[in-house]
Amino acid sequence: MVSTRQHPSSFSPPDPSTSKTVATRASRPRNHRWVHTPTTLSMAWLFVSLPLVFWDSAYVALRPHTMPGGKWHKPFFTPYALYGTVDYMYGWPAYESNNGFTLAQASMNIFESVGYLGYLYLFWKHGHGQWTYKQGQQRSMGGRWGGLACLFGFSLSILTFSKTVLYGKNI
C-alpha cells in the first residue's frame, strides 16, 4: 500500500477537461455478449455416436434375442457375434453369469443419449445462424439458452467420461 502522508508537496487539483467518463452498466452497448458455438468436431461426434449408442444399448437390452442364435441377431446385430468373443461383457459368459454391469451401462447410455438429444434440440430450436463448416459462420446461441445448453453439454460429457472410466475399471 502506498502512503502519501509524508509527500513533500501537495497535489494539484485534477483538470476536468482530461477526465475520462466511466460507462455505467446501463450505458454500455450490449453488442459483446457471450455465445455458445459448438465445434464441428463436437457435432460430428454426436451425429455419429448417437445412432451407435442406440444400437449398442438395443443389443444389450434385448439379450438373449440379439445374441448369436437369437431371433433378432440377423441382420442387425451380426457384428456383435465377433465382438462378444473379444469383449466378454457382451458375450455369453457375462450373460450366463447374470452379470448386470453391461445392462446398467446400457441404461446409462440411454440417459446419456436422451440428454444429448435434448442438447441438440436446444441448439436447433434456440440457435441463431446457419450451420456450415466454415469458421465464423456457424450456428450459435447466447443468453440463457446458450448457458443452459453449455451446462447441459458439459454435464453430459462428465457422465460420458465417468461411464467410460467405470467400464475400463470393470474389465
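Pro64 lies in the loop between helix H1 (40-61) and helix H2 (79-86), helices being DSSP runs of H or I with at least four residues, numbered from the N terminus. The peptide bond that leads from Arg63 into Pro64 is cis, with omega near 5°. Pro75 is also found in the loop between H1 and H2, and the bond joining Lys74 and Pro75 is a cis peptide bond with omega of about 0°. The model is a predicted one, in which local features need pLDDT of at least 70 and side-chain atom pairs count only at pLDDT 80 or more, whereas totals for chains, interfaces and linings use all residues. Residues are numbered from 1 along each chain as its sequence is written, and side-chain values use heavy atoms, with hydrogens and water left out.

Asn98 is not a glycine, yet its phi is positive, at about 55°. Its relative accessible area of 68% makes Asn98 exposed (buried means under 20%, exposed over 50% and partly exposed in between, with a 1.4 Å probe and protein chains only).

Two packed helices are described by the angle between their axes and the distance between the axes. Axes are lines fitted to C-alpha atoms, for helices over the stretch in contact, and angles run from 0 to 180 degrees between N-to-C directions. Helix H4 (residues 101-126) packs against helix H5 (residues 143-170) at an angle of about 160°, the axes being 10 Å apart. H4 and H5 are therefore roughly antiparallel, a term for angles over 145 degrees. The crossing of H4 past H5 is left-handed, meaning that the near helix is turned anticlockwise from the far one by less than a right angle. The contact of H4 with H5 comprises 13 nonpolar, nine polar and two charged residues; Ala, Val, Leu, Ile, Met, Phe, Trp, Tyr, Cys and Pro count as nonpolar, Asp, Glu, Lys and Arg as charged, and the others, Gly among them, as polar.

Glu112 belongs to helix H4 and is buried, with a relative accessible area of 7%. Apart from neighbours within four places in sequence, Glu112 is in contact with Leu156, Leu159, Thr160 and Lys163, contact meaning heavy atoms within 4.5 Å.

The axes of H1 and H4 come within 9 Å and cross at roughly 145°. H1 likewise passes H4 in a left-handed crossing. Among the residues making this contact are Met43, Leu46 and Phe47 of H1 and Tyr116, Phe123 and Trp124 of H4. The residues of the contact of H1 with H4 divide into 16 nonpolar, four polar and one charged.

The structure holds 10 aromatic pairs. Rings of Phe, Tyr and Trp (its six-membered ring) pair if their centres lie within 6.5 Å, and planes over 60 degrees apart count as edge-to-face. Two edge-to-face pairs are tabulated below.

| Pair | Centre to centre | Angle between planes |
|---|---|---|
| Tyr83 and Tyr90 | 5.1 Å | 65° |
| Phe123 and Trp124 | 5.3 Å | 75° |

Tyr83 is partly exposed, with a relative accessible area of 36%, while Tyr90 is buried at 4%. Phe123 is buried at 0% relative accessibility, whereas Trp124 is partly exposed, with a relative accessible area of 37%. Tyr83 and Tyr90 also belong to one aromatic cluster, together with Trp55, Tyr59, Phe77 and Tyr80.

Notes:
Helices (H or I, at least four residues) and strands (E, at least two) are DSSP runs, numbered from the N terminus. Angles under 35 degrees count as roughly parallel, over 145 as roughly antiparallel, 65 to 115 as roughly perpendicular and the rest as oblique. Rings of Phe, Tyr and Trp (its six-membered ring) pair if their centres lie within 6.5 Å; planes under 30 degrees apart count as stacked, over 60 as edge-to-face and the rest as tilted.
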